[in-house]
Amino acid sequence: MDDAYIRIENITKRFGAVKAVDRADFGIRRGEFFSLLGPSGCGKTTLLRMIAGFEYPSEGEIYIDGAAVTDLPPNKRPSNMVFQSYAIFPHLNVADNIGYGLRRSGLSKAERNARIEEALAMIRLPDMGNRRADQLSGGQRQRVALARALVNRPKVLLLDEPLGALDKRLREAMQIELRQIQKNVGITFVFVTHDQEEALSMSDRIAVMSSGQVLQIADPRTLYEKPNCREVADFIGTMNFFEGTVIGTGGDITEIDAGAAGRLQARNVAVALSAPGTEVLLAVRPEKIALNTANSASLIGRVSAAAYLGERSHLQVSVEGLKNPIAVAAQMATQHAGAQVSLSWAADAAIVLPRE
Ligand code: ATP
């Protein structure tokens, strides 16, 4: 990527026999909110710590703004890190916590105070400078930790599950706030999370990781609508999978024999996956499935579970011969457990993936 501001060049990190990060090679743009997303142990924290300078890569180079930083210690890099356990000093007040990192900056006291005021306004705690840190709520403390990282005006802010310790409501409020702050200050954010909803709602782009490898890098919509492999499709949202074999292609429609699920159609399948005989995986999102209509595919099944969720219902539909029930998210669904239903979806809704 030519416009990369942070360049991760062929980075591998080994801990003994464990490959925590395996040949990561990508760029992060200036001003981007970029997330590293994946299950526990996939290597996202290790990758972040290498960008920060807390870990040294076994192989590869890291560049920030065109300069190699691989051999620089954390305090010599143009980045700052916010940790999950907000490391603020309970015995200092809010202003002193925020100003802590400025003490050796060479700035005058007036300049330091101006910066602290600016940071307090940024995190929307303008009148709390004198409050002791141990008198703050969890969300307020996390905002102070954020302000402390921002007060040095780093070019890059690295955030390791910074909202992990907060309860759900506070976490959601902070997600919106953090995104707003990032937009306002225009700093490049690299954000580590295992929470896919959090990553989808906040990020410009996301790198999905698994077992040390980066599987796909894309914007949230592309990850959801065009995952490039089973693991990404499975990790982001809910997905139904059907194993099948390509029968043939006519025009832009590829026909797939999916055994008990019948013959299924998909539009614009990649050339590499469309040759007759290719074993593929056909994936369909629950909300793309319609009940009781006949489209390009129609499957008869029985509702095995139904959950009413207000504007939407989630159904599990069992189809004879299929191992897993099919997940359907439907609006205004009135079917109860036991009802027979027919399922269909458009060829456009089918995503064809390689079978691993
Ligand atoms: P989590 O969300 O649980 O923090 P993660 O995706 O951030 O997980 P990492 O912490 O980067 O994962 O760990 C990746 C792999 O490297 C894991 O298998 C982990 O056990 C291993 N690992 C991480 N740090 C060390 C270390 N200092 N020594 C040995 N192994 C390590």
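**Entry 1: the ligand shell**

I take helices (H or I, at least four residues) and strands (E, at least two) as DSSP runs, numbered from the N terminus. This is a predicted model, so I note that local features need pLDDT of at least 70, that side-chain atom pairs count only at pLDDT 80 or more, and that totals for chains, interfaces and linings use all residues. Residues are numbered from 1 along each chain as its sequence is written, and side-chain values use heavy atoms, with hydrogens and water left out.

Phe15, Val18, Ala20, Pro39, Ser40, Gly41, Cys42, Gly43, Lys44, Thr45, Thr46 and Glu161 surround the ligand. I sorted them with Ala, Val, Leu, Ile, Met, Phe, Trp, Tyr, Cys and Pro as nonpolar, Asp, Glu, Lys and Arg as charged, and the others, Gly among them, as polar. That gives 5 nonpolar, 5 polar and 2 charged residues in the shell.

Next I looked up polar contacts, meaning pairs of N or O atoms within 3.5 Å; within protein, one must be able to donate a hydrogen and the other to accept it, and residues adjacent in sequence count only if both atoms are side-chain atoms. Ser40 has a polar side-chain atom 2.6 Å from a ligand oxygen. For Gly41, a backbone N or O atom lies 2.7 Å from an oxygen of the ligand. An N or O atom in the side chain of Lys44 is also 2.7 Å from a ligand oxygen. On its own the ligand has 630 Å² of accessible area, and the protein covers 58% of this (Shrake-Rupley method with a 1.4 Å probe; for residues, only the protein chains shown count as cover). Strand 2 (18-29) and helix 1 (44-52) are the elements that give two or more residues to the shell. Helix 1 gives the most, with 3 residues.

**Entry 2: Glu161**

I went back to Glu161 from the shell list. It sits in the loop between strand 7 and helix 5. Is Glu161 buried or exposed? I use buried for under 20% relative accessible area, exposed for over 50%, and partly exposed in between (1.4 Å probe, protein chains only). Glu161 counts as buried because its relative accessibility is 10%.

For contrast I checked Asn268, which also has a positive phi, about 50°, although it is not a glycine. Asn268 is in the loop between strand 13 (263-267) and strand 14 (279-284). Its relative accessible area is 60%, so Asn268 is exposed.

I compared end-to-end spans with the expected value, 1.5 Å times one less than the number of residues. Helix 5 (residues 168-185) has 18 residues and should span 26 Å; its end C-alpha atoms are 26 Å apart, which agrees. At its N-terminal end Asp167 is the cap, with a side-chain oxygen 3.2 Å from the backbone nitrogen of Arg169. After helix 5 comes Gly186, with a positive phi near 70°. Buried residues of helix 5 include Arg171, Met174, Leu178 and Ile181. Their cover includes strand 3 (33-37), helix 3 (109-122) and helix 4 (138-150).

Helix 4 reaches 18 Å from its first C-alpha to its last, close to the 18 Å expected for its 13 residues. I found it mostly covered, with 11 of its 13 residues buried. Those buried residues pack against strand 6 (79-82), helix 2 (94-99), helix 3, strand 7 and helix 5.

Arg205 lies in strand 9 (residues 205-210). With 12% relative accessibility, Arg205 counts as buried. A polar atom of its side chain lies 3.0 Å from the backbone oxygen of Gly27.

Ala218, in strand 10 (residues 213-218), is buried too, at 8% relative accessibility. I counted contacts as heavy atoms within 4.5 Å. Beyond its neighbours within four places in sequence, Ala218 is in contact with Arg205, Ile206 and Leu223. Ala218 and Phe34 are 184 residues apart in sequence, but their C-alpha atoms are 9.8 Å apart.

My last stop was Thr254 in strand 12 (residues 253-257). Its relative accessible area is 2%, so Thr254 is buried. Which side chain does the side chain of Thr254 join in a polar contact? The partner is Thr249, at 2.9 Å.

How values were computed:
Near = heavy atom within 4 Å.
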